[in-house]
Amino acid sequence: TTSRDKQISTSNRPQLETALTSIPVTEQNHSSLVPPPTSIDFVPTNSREKRNDSSGASVATVSTRGSITTISRNVSVKTRNVIAMKSGDNKSVLLLLNIEPSTKLKMMLKMATNLKLQVTDNPLEATHVVAGSIKRTAKLMAALCVTSNILNPIWLEESHKRGKLMATNMARSSRYLADDVEAEKKYNFSIKQTLIEGKERRRDGGLFAGKKIVVCDGVAGNNAPNEEELKMMIEAAGGEWLLKSNAGHVEDPDTCFVITSEPALPSQVQDEEILTVVRNGARLFTIKWLLNCMMHQKLLNVRVSSELREISKKLGVSIYHISTTLLEEAKRMVGTDSKGRGKGSLSTTFDLNDLLIKKKGENIVCCRDGKVGSSYVDCLEGQDNVGEANTMLSYSWG
């Protein structure tokens, strides 16, 4: 065993806590697939009802609110060449984001009508996005893959005032770009740099061009976009949504990204189908990594989340776990006499190392290096069992 397998936390069972503030360890419920709610900062959006015809083809539904045409369409995007629906000769399609229903919203919709702008709720159709604020929603992240025109309301107001759409070239009119200092600080990104990066990615087919993305069970909808939104985002970025059942048939596993929760859960990385593709060379990342890539519009070249790796270095097994679960497993393995003492040939720590300690993580992907084979402590879930180590205990070598 490694030294971190011998670390323990001496906090009492009910009060065992982690001191990690960036990404807490898994919640107390051992069977839960829900990661900590503060670890990702994803802002969910209301799902929209979509329908397909009997052949499975996409169906566009167009509704008219007054003189404003609103487009809602279920679009499957395989490439970066997203073609917006057009009305007459007007090619500009507007998406309004993070603007609360109010008199201001009604005025903005009226401005769009006067400018002959189509208004859509689908980010894949947008040529222009006007955002009241920057929130890490599925719509925004998809829109970043589609257009460089992520603008503030001033652009729409001045366009209406002048009777034409104002130029949005970043070099000449950066004052029209969406501006949210707090959001840029929170997500550690620059909206201007992201738009520059996004333009470059589109020239190459998109952020995830040539990549196949497999999302583990328990990721979608748990402090993350739902499955429909994740698929939309991945395909908007030029990637291919790959079912877990098909992951083992990928010809070039190096082009395959496997997405887990943040942090990755044993129930996800112990999955046989996931293990197969990872052993073949697929890359393992967390949902937070995926969202960060979307917000920066570039691949962050880390094989395993650096935050997960740092957390792993600090983890220790709780005294409660050692004195209950681990002890019971050891007793079942070696057998005990009438006084509860170990008997037989498997009665020492060294004897149990391979059969009990190492065996627990032999088929689990390590959160430090992304390879199969994990330390005992990284296999545990729940605040009762694992937390930040505060005491070092070493067994006798005599």
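1. Which residues in α11 are buried? They are His 321, Leu 326, Ala 330 and Val 334; buried means under 20% relative accessible area with a 1.4 Å probe, counting protein chains only. Helices here are DSSP runs of H or I with at least four residues, and strands are E runs of at least two, numbered from the N terminus.

2. This is a predicted model, in which local features need pLDDT of at least 70 and side-chain atom pairs count only at pLDDT 80 or more, while totals for chains, interfaces and linings use all residues. Residues are numbered from 1 along each chain as its sequence is written, and side-chain values use heavy atoms, without hydrogens and water.

3. Helix α11 covers residues 319–334 and has a kink of about 35°, centred on Leu 327. The bend is the angle between axes fitted to the seven residues ending at a residue and the seven starting there.

4. Seven of the 10 residues of helix α6 (residues 227–236) are buried, among them Glu 229, Met 232 and Glu 235. What covers the buried residues includes α2, β8 and α9, where contact means heavy atoms within 4.5 Å.

5. After α6 comes Gly 238, with a positive phi near 85°.

Definitions and conventions: Buried < 20%, exposed > 50% of the residue type's maximum accessible area, 1.4 Å probe, protein only.
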